Amino acid sequence: MVKRNLNDLLYFVTVAREGSFTRAASVLGVTQSALSQAVSSLEARLHIRLLTRTTRSVSVTAAGDRLLSAIGHRFDEIDAELHQLTEMRDKPSGLVRITCGEHVARATLVPKLAPLLLQYPDIKVEFDVNYGLRDIVADRFDAGVRFGNTIDKDMIAVPIGPTLRMAAAASPAYFQRHPLPKTPGDLITHNCINMRMQTAGGLWTWDFERRGKPLSVRVDGQVIFNTSPSIVDAALAGMGIAHLPEDEFAPHLEQGRLIRVLDDWCPPFPGYYLYYPSRRQPSLAFSLVLNALRVTPLPLAIAAGSA
């Protein structure tokens, strides 16, 4: 009934503005008889005449003029909004909200998205730097970034970086005072730099694996952080052994500021993935962001279809 009422109101507004059933039928793409029947049906339901019809013209009654003034501009607003949506399709714009860790934002997301944002100045990206496991649906994010092996099955996950490995590392100064650990179990006697998980509130368990056999170690130390850049800084300062994805240590390992240990206990695992709800209907702006972040960018039409 609501749909029928809206159609009848639109038909009335068009006839009133055109002053002719013939012209209104042409604008709306319907027959004159269907148009006349719809307006008559509206008048019957309202129990009041809205249009005065003669053989030569159509004009609004006092009641019709009042109704036209009340609802005519609302149809104009709807039409204008639909026009803007069409422009958004042709000219990408809008806000894309992504929740992620600090390192992946700085090392992966910003470098990959910078050319896109220069090309499309009407696209905006908001980065929520957060190490907790955010509910992107409840918190109204367009997407999140996590390691590939931690993403829920009901999400679409797209790789945005290479396969990674974890790394345990400390400064040369630290290892001048302490022996190199030979196995993960040796870490119990070391000063380890811990991370507090924002969601669960507990300390991060250090996971290792060798020859297919996993081993988890709960370590202890003097300092605890909740962001990875601070952990890297603490390791460089000789405050203990840190355990993070190897790419966070990479430049310091290459230049000898950090020494890696337990290398054979750190097998590769799926790297960073952008994930988003499978029920989501991507906007053009989001599809462009997604395509820019993929490990192997695809043509937009293909990318949008595969997502």
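Contact here means heavy atoms within 4.5 Å. Axes are lines fitted to C-alpha atoms, for helices over the stretch in contact, and angles run from 0 to 180 degrees between N-to-C directions. Helices (H or I, at least four residues) and strands (E, at least two) are DSSP runs, numbered from the N terminus.

This is a predicted model, in which local features need pLDDT of at least 70 and side-chain atom pairs count only at pLDDT 80 or more, while totals for chains, interfaces and linings use all residues. Residues are numbered from 1 along each chain as its sequence is written, and side-chain values use heavy atoms, with hydrogens and water left out.

Confidence comes next. pLDDT is the predictor's confidence in each residue, from 0 to 100. The protein has an average pLDDT of 87, and 90% of the residues reach at least 70. Where does pLDDT stay under 50? That happens over residues 297-307, for which the model has 17 contacts beyond four places in sequence. Where pLDDT is low, the predicted coordinates should not be read in detail.

Now the sheet. Two strands pair if DSSP finds at least two bridges between them. Five strands form an open sheet: the order is E4-E3-E5-E15-E6, and the pairing is mixed. Why is one side of E4 and of E6 left without a neighbour in the sheet? Strand E4 (123-129) and strand E6 (155-159) stand at the edges and have a single partner strand each, so one side of each has no neighbour there. On average, neighbouring strands of this sheet are turned by 30° against each other, direction ignored.

Strand E3, residues 94-100, runs parallel to E4 and is joined to E4 by 7 bridges. Cys100 stands opposite Val129 in E4. Helix H5, residues 102-119, lies across E3, E4, strand E5 (143-147) and strand E15 (272-277). The direction of H5 is at about 180° to E4.

On to a pair of helices. Two packed helices are described by the angle between their axes and the distance between the axes. For helix H2 (residues 21-28) and H3, the axes come within 9 Å and cross at roughly 105°. Angles under 35 degrees count as roughly parallel, over 145 as roughly antiparallel, 65 to 115 as roughly perpendicular and the rest as oblique. H2 and H3 are therefore roughly perpendicular to each other. Which residues meet? From H2 there are Phe21, Thr22, Ala24, Ala25 and Leu28; from H3, Gln32, Leu35, Ser36 and Val39.

Next, charged side chains. A salt bridge is a side-chain nitrogen of Lys or Arg within 4 Å of a carboxyl oxygen of Asp or Glu. How many salt bridges does a search of the whole structure find? The search finds 11. For accessibility, buried means under 20% relative accessible area, exposed over 50%, and partly exposed in between (1.4 Å probe, protein chains only).

Arg23 is partly exposed at a relative accessible area of 45%, and Glu18 is partly exposed at 28%.

Another salt bridge is formed by the side chains of Glu246 and Arg260, at 2.8 Å from N to O. This pair links distant parts of the chain, 14 residues apart: Glu246 is in helix H8 (residues 246-254) and Arg260 in strand E13 (residues 259-261). Glu246 has a relative accessibility of 22% and counts as partly exposed; Arg260, at 23%, is partly exposed. Arg260 also forms a salt bridge with Asp263, at 3.1 Å from N to O. Asp263 is partly exposed, at 38%. A network of salt bridges links Arg165, Glu246, Arg260 and Asp263.

Helix H8 also holds His252. Is His252 buried or exposed? His252 counts as buried, at 15% relative accessibility. Leaving out residues up to four places away in sequence, His252 touches Val232, Leu236, Arg257 and Leu258.

Last, two loop residues. His47 is in the loop between helix H3 (32-46) and strand E1 (51-53). Its phi is near 60°, a positive value in a residue other than glycine. His47 is exposed, with a relative accessible area of 74%. Arg140 lies in the loop between E4 and E5. Arg140 has a positive phi of about 60° although it is not a glycine, and is exposed at a relative accessible area of 72%.
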